[in-house]
2 protein chains.
Amino acid sequence: MKRDSRLSGVLHVLLHMAEHRHPVTSETLAKAMTTNPVVIRRIMAGLRDQGYVQSEKGHGGGWSIACDLSKISLRDIYHALGNPSLLAMGNRTEAPGCLVEQSVNAALGKAFEDAEAFLLARFGEVTLAALSADFHRRMLARGGTPQDLETIHAS
Amino acid sequence: MKRDSRLSGVLHVLLHMAEHRHPVTSETLAKAMTTNPVVIRRIMAGLRDQGYVQSEKGHGGGWSIACDLSKISLRDIYHALGNPSLLAMGNRTEAPGCLVEQSVNAALGKAFEDAEAFLLARFGEVTLAALSADFHRRMLARGGTPQDLETIHAS
DNA sequence: TTTCATGTAACTTCATATGTTTCGTGAGTG
DNA sequence: CACTCACGAAACATATGAAGTTACATGAAA
């Protein structure tokens, strides 16, 4: 299965934004992500609706963070993305008439459900602030203190 | 993401086969699953290679179980299918140069890895015999003792 | 008024599970 | 031997959804 990387992508964007005081344009973010500005706007739309980020048009416009990073978890971001599927597998049929399939669905369904809950719980444990702090630790270990996207990506 | 239902499908097939003493043809199984015989052969190929089932050509041929159901777990079946992706999400890039992305990957990657291990562990706890037993419990609760696919599916 | 940047719709591309057709091979039947 | 049955495998079609792209409208700042 092709894997959905929106969560990974949006976190990458957010952490970069956190390093900037001024709004960052979709185009700048897109370059850092080697993708298209429209893709950035698309994955940011949900976060804007939740008030986690804000966007401004015109000169000096772009995206900026509009929340306390220590209060937002990966789980919140996941929900802002619209709760995309976590698992690549699922039951063949829901509510089957076949008793055999009911047994299979019961066993697999419970395992799937628990695994999703497990993953969401993990997401809930990690705040954006924690991720940002981890990034700063890595940067110090590298001995640098770059302030802009280009430097971070060039490192 | 569209979900992979091969594991669900192959378990359904196996449990049906367990109810038969004689080989069951791909066509019969396909009808029960509302799919194509070729699809059945495709998902069964891995199990045959592992020796879990065997196939015979010609008159009276078809598929039959070639192992002790109590010794095979859902995890074994999963491996026989070729270890398809369990998660619908993944990191945007592996081994990124960007330190921000390294932090994101580390956090998400660990959560993904643990969730996969969790799910595989669950699979390992359930044997085919347990699934079959659950099916028989459901059948008794329904008050019937059907011996063939058609009856089971018609119920 | 010009430029910049987002908002949105529509389209293309790509990967992959699933479905289908076709032909070959071997096993049992008459 | 000829026929039928059933699997094996390749080739092709279909469907879904993420990701990438293009085009145009809207609004803000210079």
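Buried area is the accessible area (1.4 Å probe) that two parts lose on being put together, summed over both. The model shown is predicted, so local features need pLDDT of at least 70 and side-chain atom pairs count only at pLDDT 80 or more, whereas totals for chains, interfaces and linings use all residues. Residues are numbered from 1 along each chain as its sequence is written, chains are lettered from A and ligands numbered from 1 in the order in which they are written, and side-chain values use heavy atoms, with hydrogens and water left out.

**View 1. The interface of chain A and chain B.** The two chains bury about 5,200 Å² between them, and 66% of this area lies on carbon and sulfur atoms. On the side of chain A, M89(A), R92(A) and L99(A) lose the most area to chain B, together 15% of what that side buries. Contact (heavy atoms within 4.5 Å) links 55 residues of chain A with 55 residues of chain B.

View 2. A salt bridge is a side-chain nitrogen of Lys or Arg within 4 Å of a carboxyl oxygen of Asp or Glu. There are 4 salt bridges between chain A and chain B. In one of them R122(A) pairs with D114(B), with the closest N and O atoms 2.4 Å apart. A polar contact is a pair of N or O atoms within 3.5 Å; within protein, one must be able to donate a hydrogen and the other to accept it, and residues adjacent in sequence count only if both atoms are side-chain atoms. Across this interface 26 residue pairs are in polar contact, both residues being at pLDDT 80 or more.

**View 3. Helices of chain A that face chain B.** Helices (H or I, at least four residues) and strands (E, at least two) are DSSP runs, numbered from the N terminus. The helices α1 (6-18), α4 (74-80), α5 (99-125), α6 (128-141) and α7 (149-154) of chain A each supply at least two residues of the side that touches chain B. With 20 residues, α5(A) gives the most to that side.

**View 4. Protein atoms beside DNA strand D.** A polar backbone atom of G58(A) is 3.1 Å from a base nitrogen, and a polar side-chain atom of H59(A) lies 3.4 Å from a base nitrogen. In the surface near DNA strand D (a heavy atom within 4 Å), the largest share, 4 residues, comes from α3(B).
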